[in-house]
Amino acid sequence: MEMRKRVTLELRGKMPAEVKELVLDNCRSDDGKISGLSSDFENLEHLSMINVGLLSISNLPKLNKLRKLELCDNRISGGLEVLVEKTPNLTQLNLSANKIREISTLEPLKKLPRLRILDLFICEVTKLLNYRESIFTLLPQLIYLDDFDASNISNLDLEADGLDDEYDENGDEDEEEDEESDDEDDLDGEDDKNGRDDESQILCLKRVVQARKKFVSIRKNI
């Protein structure tokens, strides 16, 4: 399914401004670019575009409230400066299984002061000498890189949404919204389409877990 049509389907009769989570996994991008999204999704907090064939995120719309962006299993090789302008409050970014090869490609992320979690599993950049040290030096605001902090303490038990607490201004209201989102997710699980989304996320997760196990094994031998 084309991304533009998928966006319309995921709205489920809602207005874009009412949507806080949008999962577009496994749809087809428009010539490797994002399509169907606009700044009308002004309250969007979580956007997932796993395995959609993205080559570029250059036409990502302005999403001031976006905190979690999942771009696993695409073909993105650069152009991350757009995130600074379009997603200034981003706290979590997953670029696993993309074409990121150089540390310099990640330099624009220095201008995302709230970025706390970055995943680059299965990217070529992870094979560079002193990769982790270089990333933490480049991005001092970062807490977890590939599930470990700078002291190699694991992030596996972390509930990632907890990082947003220091930026929340609505207190318990956010928790209620999360519960509503969970309820919607339970209903969505009955759809075949969402079943395919789950399979995509599981496949991506399996690849990441394999890379994580390899990394942990290497760390133990150091």
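Let's start at Asp 40, which sits in the loop between strand E1 (21-23) and strand E2 (46-48); helices (H or I, at least four residues) and strands (E, at least two) are DSSP runs, numbered from the N terminus. Keep in mind that this is a predicted model, where local features need pLDDT of at least 70, side-chain atom pairs count only at pLDDT 80 or more, and totals for chains, interfaces and linings use all residues. Residues are numbered from 1 along each chain as its sequence is written, and side-chain values use heavy atoms, with hydrogens and water left out.

Asp 40 has 47% relative accessibility, so it counts as partly exposed (buried means under 20% relative accessible area, exposed over 50%, partly exposed in between, with a 1.4 Å probe and protein chains only). Asp 40 touches Pro 16 and Ala 17, leaving aside residues up to four places away in sequence; contact here means heavy atoms within 4.5 Å. Ala 17 is 23 residues from Asp 40 in sequence, but their C-alpha atoms are 5.8 Å apart in space.

Now for the inside. The largest nonpolar core has 45 residues, and Leu 47, Met 49, Leu 83, Leu 93 and Leu 109 touch the most other members. Such a core is a set of buried Ala, Val, Leu, Ile, Met, Phe, Trp, Tyr and Cys residues joined through side-chain atoms within 4.5 Å. Helix H3 (131-138) is one of the elements giving two or more residues to this core, and H3's four residues are the largest share.

Gln 141 is buried, at 14% relative accessible area, and its side chain reaches the backbone oxygen of Leu 109 at 3.0 Å.

Methods:
A polar contact is a pair of N or O atoms within 3.5 Å; within protein, one must be able to donate a hydrogen and the other to accept it, and residues adjacent in sequence count only if both atoms are side-chain atoms.
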